[in-house]
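Trainee: Could you take me through one part of this structure slowly? I would like a close look at the positions that a record marks as the active site.

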Amino acid sequence: MKKNTDNQDTSAPSHSGSPETLGGLGIKICGMKYPDNIIEVGTLLPDYMGFIFWEKSARYFDGVIPDLPKSIKKVGVFVNESIEVILAKAQKYNMQAIQLHGHESVEFCQELRDNLNSSIEIIKVFSVDDAFDFEVLKPFETVCDYFLFDTKGKLPGGNGTTFDWKVLEKYPSSKPFFLSGGIGIEEMEAVKEIAKTNLPLYAIDVNSKFEIEPGLKNIELCRNIRRDALQYVSTDNKIKNKIMSYNVNEKGYYGEFGGAFIPEMLYPNVEELRQNYLKITAEPEFQAEFDSLLKEYAGRPTPLYFAKRLSKEYNTKIYLKREDLCHTGAHKINNTIGQILLANRLGKKRIIAETGAGQHGVATATVCALMGLECIVYMGEIDIKRQAPNVARMKMLGAEVRPAMSGSKTLKDATNEAIRDWINNPVDTYYIIGSVVGPHPYPDMVARFQSVISKEIKEQLLEKEGRENPDYVIACVGGGSNAAGTYYHFLEDEDVKIIAVEAAGLGVNSGESAATSALGKVGVIHGSKTLLMQTTDGQITEPYSISAGLDYPGVGPMHANLFATKRAQFISITDDQAMQWGIKLSKMEGLIPAIESAHAFAVLDEMKFKPEDVVVINLSGRGDKDLSTYIDYFKL
Amino acid sequence: MNRINQKLKETKKILSIYFSAGYPNLNDTIQIIQDLEKNGVDMIEIGLPFSDPLADGPTIQASSTQALNNGMTTQVLFDQLKDIRKTVSIPLVIMGYFNPMLQYGIENFCQKCAEIGIDGLIIPDLPVDVYADEYKTTFEKYGLKNIFLITPQTSVERINFIDSVSDGFIYMVSSASVTGSQTGFGSAQEEYFKRIADMNLKNPQVIGFGINNKETFNQATQYAKGAIIGSAFIQHLTENGTGKIEEFVQAIR
């Protein structure tokens, strides 16, 4: 990213809500001091964390930096320090960036640049007041990666006061910069205004306003600012020319997320699957049977429908991928067909599954009936009561529905019970997981089976628009299987913007929410390292959404990585917004959506699209199953 | 020498007891540990409760849930155990799931264990390969023995790998099951016990899952160095409170 200093494409206008610039504003949390606090703040995945190596600072750092998520860049902050000391510290602490906060000269920066590992960024700080002459910046442009503008005050930084950001209007450069100096929650409105302008605001740098005492950050405040910053537009996606894969690696990780954190009792089962899933699914006979069942039994390909009236209202081109037309009423069947064929080839006779709302349970019971296999579905005791029609469907299809009575008696407990069943029956049983969650290889396997969604989108768009890639793909995320399928073939095509829609429930801050990216921290759930909602003590908490298919306390590791790398933009939508869209889509297009899918449509009100943009929304399921919820909500 | 290694050098068969910290009451932890030692138990596994204990059956999950409701947390447990080494000298192992430890910070967690005098950890959902790659150095720095599980389905190759990474004992899960779901051992299990005994591993084996009385204890220790009782002891606490620990232990020994 640092090599393009003379040719930065950062001068393009970026307007608020403009789809031009996704990914949110970067955030640097500076002045870290205490190991426990560093770990805690690290779980919020800020883009940068700053460690001050200036002895006179109250936040002087002289400890051991605990292991942090790899996406966080550690920044060493120095004031008029010698090259030798900087290099030594950079090496000792494995820094990814150096911030120069004193009167370092252009020559000094150049010398540092020449001696520093080329992957380490240099951030040069300038203290700004009304009289600041921006012309002094010019010679620094080629020797540093970013500028950082701080308030001119008594100390080199950490004064806790803002400068008048109006002077930035005079900023003549396209060099991306950090904004610093006394930024607190109250200043965010003004930050947002700057983010709306053409200025190449790259990230905000926060410190004293987010502290309990010097060096000790207030985690809740940090969480809020991190969340806020993500909502704001910036130029950083253009600046960050990241070369990385968003797909799973050979060890089962997406970036730092994924893996297989399973008890030894499960190891043989999961290992058998891991060794065989790619081999078996690559066999021509497997593919032929899979394709044939998708076509003849599930009803694929599903149409890519141009939503004329919606497109007109929002003045852009909106296509709906009609997964609601799949057999059993949602995309879930794509995955269960794939897994049942795999189970057959592994010689398994007994199928188990977990279900929340019952959609995956029904899709599993369906394919078990198709293959004549025994089927046991675990479902939380509370969900059984809430979803009577799906319980009846599963029974009609010949499945046994076993109530999960432990814990909170909902989806996560049904998953625990299914895992326990598998531990108790390691030889003849196959576990069909319903989403891109669980230990490797499940997230990848389920994503592959669902990837037919984006494969078809490409083919259909080529026919309709003369191009394979849309500008946007939008899908709702609970665990994230329909989203994984919708994004899959676009993951590496960065010209396709990915929007992930989470359930905000009654509101992200209401305590009744399932917005995992906003509320979650890195942890381990159901065998996978991912973002999950939990207490500070690491106990998993119960999410809430009016949509039973979105209230999972985690997200699949692929999505956690898309969030951490900002490849996808995450937006959360409340119960009410989604419910209103249930009505709106019904009336405007004659399509009654599942409440899960209705969340995805609400993005149309949150973002602005250009008339020529092609926007694909995955209509993952139909709304029949939600009729009683719609009736209760709208007194229909 | 670590207390676990020392204890395993003794000639007798080892009786190890598991209980969920904070159950039946939040502050029963210390009393239970002291009573178990007083009555001749050789080693104790202190369960750090977790909301979603995948490898445990209903008995231990219910006790964990109750302990959490009582207010048990990682920090509370460490506070309770602060002075445990003034009164207790048998090996103490913390058994818990990975996520609460991750949130506490692995290094912090290990450091705290070392300060208190905890000898080892059992983390069922931390796989041996991740441990070997990422955490072994930290555990060893604080002198903690990490104990791994094997099951009847574990391959010979993997058992040998686990044996090579371990330095304490190997926790032999008696059969393919979660905790607390067995009633007596059949011929398949005896065969498995014998098969493992014949491998002559570097680390002694202690058998757990399904040990609930004198008979199963004797069956297990015929082949292994010791046995662990968990759910049956929790059951005892549920029915009798903390008052009759002596009776429970004497019925086994």
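Mentor: Happy to; we will go through the two marked residues one by one, and then look at the contact between the chains.

First, some ground rules. This is a predicted model, in which local features need pLDDT of at least 70 and side-chain atom pairs count only at pLDDT 80 or more, while totals for chains, interfaces and linings use all residues. Residues are numbered from 1 along each chain as its sequence is written, and chains are lettered from A and ligands numbered from 1 in the order in which they are written.

According to UniProt, in an unreviewed entry, the feature "active site" sits at B:Glu45 and B:Asp56. UniProt positions are given here in the numbering used for this model, feature names are shortened, and annotations may be inferred rather than shown by experiment.

Let us start with B:Glu45. This residue belongs to strand β2 of chain B, which covers residues 43-48. (Helices, H or I with at least four residues, and strands, E with at least two, are DSSP runs numbered from the N terminus.) B:Glu45 counts as buried because 25 other C-beta atoms lie within 10 Å. The cut-offs are these: buried means 20 or more other C-beta atoms within 10 Å of the residue's own, exposed means 12 or fewer, and partly exposed is in between, with C-beta atoms placed from the backbone. If we leave aside neighbours within four places in sequence, B:Glu45 is in contact with B:Ser16, B:Tyr18, B:Val93, B:Met95, B:Ile122 and B:Ile228. Contact here means that the C-beta atoms of two residues, placed from the backbone, lie within 7 Å.

Now for B:Asp56. You will find B:Asp56 in the loop of chain B between β2 and α3 (58-70). B:Asp56 is buried too, because 32 other C-beta atoms lie within 10 Å. Not counting residues up to four places away in sequence, B:Asp56 touches B:Gln61, B:Val178 and B:Thr179.

The helix α3 of chain B leads us on to the contact between the chains. That contact takes 35 residues from chain B and 28 residues from chain A. On the side of chain B that touches chain A, the elements giving two or more residues are α3, α5 (98-104), α6 (106-116) and β5 (145-150) of chain B. Of these, α5(B) gives the most, with five residues. By class, this side of chain B has 18 nonpolar, 14 polar and three charged residues. Here Ala, Val, Leu, Ile, Met, Phe, Trp, Tyr, Cys and Pro count as nonpolar, Asp, Glu, Lys and Arg as charged, and the others, Gly among them, as polar.
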